[in-house]
Amino acid sequence: MATRFTFAGGNLSKLARLPLYVLARPAQWLTPRSRREWVFGSGAGLSQGAWELWQEVSKREPRSRITWLVSTEAQAEQATDAGVDFVEKESWAGFWRTLRAGTVVVTHGLGDVNRYGSGGAFLVQLWHGIPLKRIHLDSPATFALGGRLPAVAGRLLRGMYRLSTRAISLFPVPSQLVGSRIASAFGLDPSRIAVTGDPRDEALVAGDAASRRAAALRVLVGAGVLAGEDRERSLILFAPTWRDGEEDPTVPTAAECDALQALAERLDALILFRPHPLGVGAYRKAIAGASRLRMVSSEAVADVNAVLGAVDALVTDYSSVALDYSLSGGHIVWFAPDRVSYEASRGLYEDYSLTTGGHEEDWAGVATRLRLLLGADAPAAAASLAATRALRDRFFDVLEPGAPARVYEEILARRTRRGTVHDGARGRGGAPSSRAGEAAAAAVSQAGPTVFFESFYGRRANDNPAGIDTALARLRPDVRRVWSVAKDGVDVPAGGIAVLEGSPAWAEERRRATAFVVNDWLRTPVPRPREQWVLQTWHGTPLKRLALGRPNVRLRTRAAILKQTRRWDALLSQSPFCGAVLAGDYAYRGPVWDTGYPRNDEMVRSTKEVARAALGLDPGARVVLYAPTWRDDGSVVLDGAGLARLCASLGAGTTLLVRAHSRVTAGFEGAEGVLDVSEHGDLGGLLRASDALITDYSSVMFDAAAISLPLVFFVPDLEAYRDEQRGFTFDLEAQAPGPLVRESGELAAAVDEVLGQPERFASAYDAWRASYTPWDDGGAGERVVRRMEAEGFLPPAA
């Protein structure tokens with residue numbers, strides 16, 4: 001069955017309705033609105049956060065008239081069952097109720113209510129999911145018209161979209177990262193956005209896991225999806241997004257359905273299918289007759305969040321349900337057979353692999369992954385759950401229940417503060433919702449050349465970009481130093497200007513920047529590629545192969561890598577070896593700057609005493625840093641129990657610092673003597689404070705050489721990692737300037753060895769330092785700044 005809606009069809013309808021909008025304007029101007037009247041609507045029915053907020057308003061304002069506007073018989077039945085006062089949104093009553101309402105709440109857009117009566121209301125725009133794919137003003141698909149129409153039609157359509165977004169008075173979001181995407185997608189001033197948590201997620205955070213599961217099972221049983229005997233089975237939910245009328249490649253074939261049925265029987269599970277409401281038919285037909293493949297349509301269960309608490313594993317593609325589900329802490333399997341074409345048509349806000357950590361391309365791969373996670377592979381399951389927690393922590397700043405109440409209080413505060421029901425189109429702003437937002441106006445107005453920094457996609461403000469920032473502040477105080485941050489709370493260097501990714505200020509700073517300094521992929525092309533420079537610093541000398549150097553690189557991945565490197569104007573190198581490997585693995589043919597790594601400047605110049613004082617460590621203690629990399633297959637090397645045993649074996653008076661990748665720390669709950677420094681931004685400070693480093697295949701092994709820090713290599717999976725997963729750029733066993741340890745029980749003895757008998761490794765260490773850190777002498781940052789001036793990345797100083 002074809003989908004019932006496309007952007008093109010919707011946009012043509014929007015243009016056709018333009019005269020009605022014009023005719024309705026006088027009524028909006030002349031009709032007084034009442035704060036005691038509320039109107040709610042949602043294209044998905046009584047769900048998507050609007051229902052949770054409706055319940056809160058009903059509890060707080062029992063005497064107010066609160067109306068739900070419906071558009072289908074199914075929605076009318078929902079409202080009747082819930083005992084809600086409702087009217088049909090396109091009726092005269094719907095027009096009048098919307099016209100009189102002081103506050104209007106929608107989840108998709110003005111079409112959720114009577115669009116002709118909404119102008120002038122205090123408009124609360126909830127949203128129906130955290131955007132992974134580009135939406136609204138950020139997506140070219142939004143403005144599709146499906147045929148040859150005059151260019152003026154496209155301009156008119158864009159104008160209508162922008163006018164509708166200006167009417168938004170409040171947009172609640174779960175985090176600053178999400179807020180930055182919303183600001184970009186809707187062209188919103190950050191002051192209209194509030195980090196309150198999302199009311200639609202209340203079912204996923206209220207109560208404990210057992211009560212949430214019980215409530216979700218009741219919903220599924222009540223909807224006829226489950227029978228009583230199904231309650232003890234594992235539940236797998238497949239929830240794909242929709243594709244704007246295109247054929248969905250994730251619909252399983254008959255053979256694939258048979259395989260999924262067999263998998264469900266093997267796992268004693270049920271696989272629930274929740275297609276997007278706009279594309280149900282093909283799935284219903286495909287799974288017909290398979291007893292363990294069940295449909296959970298939006299007609300049966302209006303709000304998918306109501307059942308996520310009972311789901312043991314989620315399979316999805318680009319759907320925002322994955323982010324909501326991360327609150328439940330279960331397994332997520334990403335399934336995207338059409339990644340390339342989908343990204344081309346819709347676009348994503350970040351590289352898909354950054355969000356997912358890897359995905360499957362067919363149902364066979366999905367089945368294999370589910371067998372691992374729900375079967376007996378404990379390390380894979382632990383790593384999967386850790387990845388889900390990391391996803392949750394990226395996208396949710398607020399994890400506490402009570403979002404409906406917080407949104408309600410925000411509405412009251414903003415209406416009172418402005419002294420009027422409506423502040424939307426008039427643009428009267430309130431307090432910005434973030435420090436980055438507060439700085440935006442001043443930031444854009446300042447004069448001087450601008451360097452735009454980004455480190456690890458805005459999640460931190462450290463590494464080589466921070467080292468260059470420090471040198472730039474000292475040598476060129478006339479240069480504005482602007483940092484892209486993914487959310488509020490990212491501390492930028494003193495004197496730097498933080499701008500939220502996706503915000504209007506962020507876009508303006510990128511437009512005016514002279515140069516970009518990044519340490520990972522540049523996800524968004526520079527606005528003026530012939531006038532702006534990009535310095536790629538990368539974030540470590542590679543032992544493991546990268547990009548094109550990895551085994552079995554697919555054609556489309558090769559194309560993405562080559563597209564990426566064409567955006568770089570210079571590549572920073574820590575050593576001749578580093579420059580050659582990075583350039584080779586990325587097929588980069590531009591200039592390589594042999595300067596050393598600025599991120600190590602402060603480490604080289606500092607002392608152990610200063611570093612320990614900054615961390616609050618005992619100056620006389622023995623300090624060992626454990627800093628592993630992560631594994632592509634998600635396996636865990638040392639969990640919490642293993643770290644506790646390691647710390648105990650190191651002996652009394654030893655502090656074990658653990659700086660672990662988020663996908664490696666599954667199960668770590670701390671132990672006496674162990675200090676988790678995974679969120680500490682200054683790796684150099686941790687190295688300088690330590691007496692020895694335990695690592696595996698991480699590039700930190702090279703940075704440590706700049707201060708001759710004794711090294712122990714814990715490599716229990718050396719052959720598998722080297723030969724099957726990544727490949728190495730050199731023979732680690734032959735060159736390592738420290739012992740290679742295979743068993744965790746032998747680590748303490750190895751640490752004693754490198755600290756007590758350093759002469760055993762002196763020759764190897766000298767060769768290691770000469771090969772991999774010959775230029776890390778504390779002056780790399782200054783050399784980079786002078787090179788930027790010489791190469792035209794910076795204009796001459798005034």
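Predicted model: local features only at pLDDT ≥ 70, side-chain atom pairs only at ≥ 80, totals over all residues.
Buried, in this talk, means under 20% relative accessible area. Arginine 394, at 16% relative accessibility, therefore counts as buried.

Arginine 394 has a charged partner. Its salt bridge is with glutamate 350, and the closest N and O atoms are 2.8 Å apart. Where do arginine 394 and glutamate 350 lie? The arginine belongs to helix α16, residues 378-395, while the glutamate is in the loop between α13 (339-345) and α14 (352-356), so the pair ties together parts that are 44 residues apart in sequence. Glutamate 350 is buried as well, with a relative accessible area of 5%.

Over the structure, the count comes to 46 salt bridges. Let me set two further examples beside the one just described.

In the pair of arginine 528 and glutamate 531, the closest N and O atoms are 2.7 Å apart. Arginine 528 is partly exposed, with a relative accessible area of 24%. Glutamate 531 has a relative accessible area of 52% and is exposed.

The second example is arginine 786 with glutamate 789, a salt bridge whose closest N and O atoms are 3.0 Å apart. Both residues are found in helix α32, residues 780-790, and they are three residues apart, about one turn of the helix. Arginine 786 is partly exposed at a relative accessible area of 38%, and glutamate 789 is partly exposed at 24%.

Salt bridges also join into a network, which links Asp230, Arg233, Asp268, Arg292 and Arg294.

I turn now to the aromatic residues. A pair of aromatic rings is described by the distance of the centres and the angle of the planes. A search of the whole structure finds 39 aromatic pairs. Why is the pair of phenylalanine 453 and tryptophan 483 classed as stacked? The ring centres are 4.9 Å apart and the planes stand at 15 degrees; planes under 30 degrees apart count as stacked. This pair links distant parts of the chain, since phenylalanine 453 is in strand β13 (residues 450-454) and tryptophan 483 is in strand β14 (residues 480-485), 30 residues apart. Both residues are buried.

A second pair has another geometry. For phenylalanine 577 and tyrosine 772, the centres are 5.1 Å apart and the planes are at 80 degrees, so the pair is edge-to-face. Here too distant parts of the chain are linked: phenylalanine 577 lies in helix α22 (residues 576-585) and tyrosine 772 in helix α31 (residues 762-772), 195 residues apart. Tyrosine 772 is buried, its relative accessible area being 3%.

Ring pairs also build a cluster, made up of Trp38, Phe40, Trp51, Trp54, Trp68 and Tyr408.

Strands of a sheet pair through backbone hydrogen bonds, either parallel or antiparallel. The one I wish to show is an open sheet of six strands with parallel pairing, in the order β22-β21-β20-β23-β24-β25. Which strands stand at the edges? They are β22 (674-676) and β25 (740-741); each has a single partner strand, so one side of each is left without a neighbour in the sheet. For β22, strand β21 (residues 654-658) pairs with it in the parallel sense over three bridges. Within that pairing, valine 658 has aspartate 676 in β22 as its bridge partner.

Alanine 286 is partly exposed, with a relative accessible area of 22%. Which residues does alanine 286 contact, leaving aside its neighbours within four places in sequence? They are Val251, Pro252 and Cys257. From alanine 286 to proline 252 the separation is 34 residues in sequence and 6.5 Å in space, C-alpha to C-alpha.

I close with the cysteines. A disulfide is a covalent bond between the sulfur atoms of two cysteines. How many disulfides does the structure hold? The number is zero. Cysteine 578 counts as buried, at 0% relative accessibility. Cysteine 647 is also buried, with a relative accessible area of 5%.

How values were computed: Residues numbered from 1 in each chain as written. Heavy atoms only, no water. Phe/Tyr/Trp six-rings, centres within 6.5 Å; stacked < 30°, edge-to-face > 60°. Helix = DSSP H or I, 4+ residues; strand = E, 2+ residues; numbered from the N terminus. Buried < 20%, exposed > 50% of the residue type's maximum accessible area, 1.4 Å probe, protein only. Pairing = 2+ DSSP bridges. Salt bridge = Lys/Arg side-chain N within 4 Å of Asp/Glu carboxyl O. Contact = heavy atoms within 4.5 Å. Disulfide = S-S within 2.5 Å.
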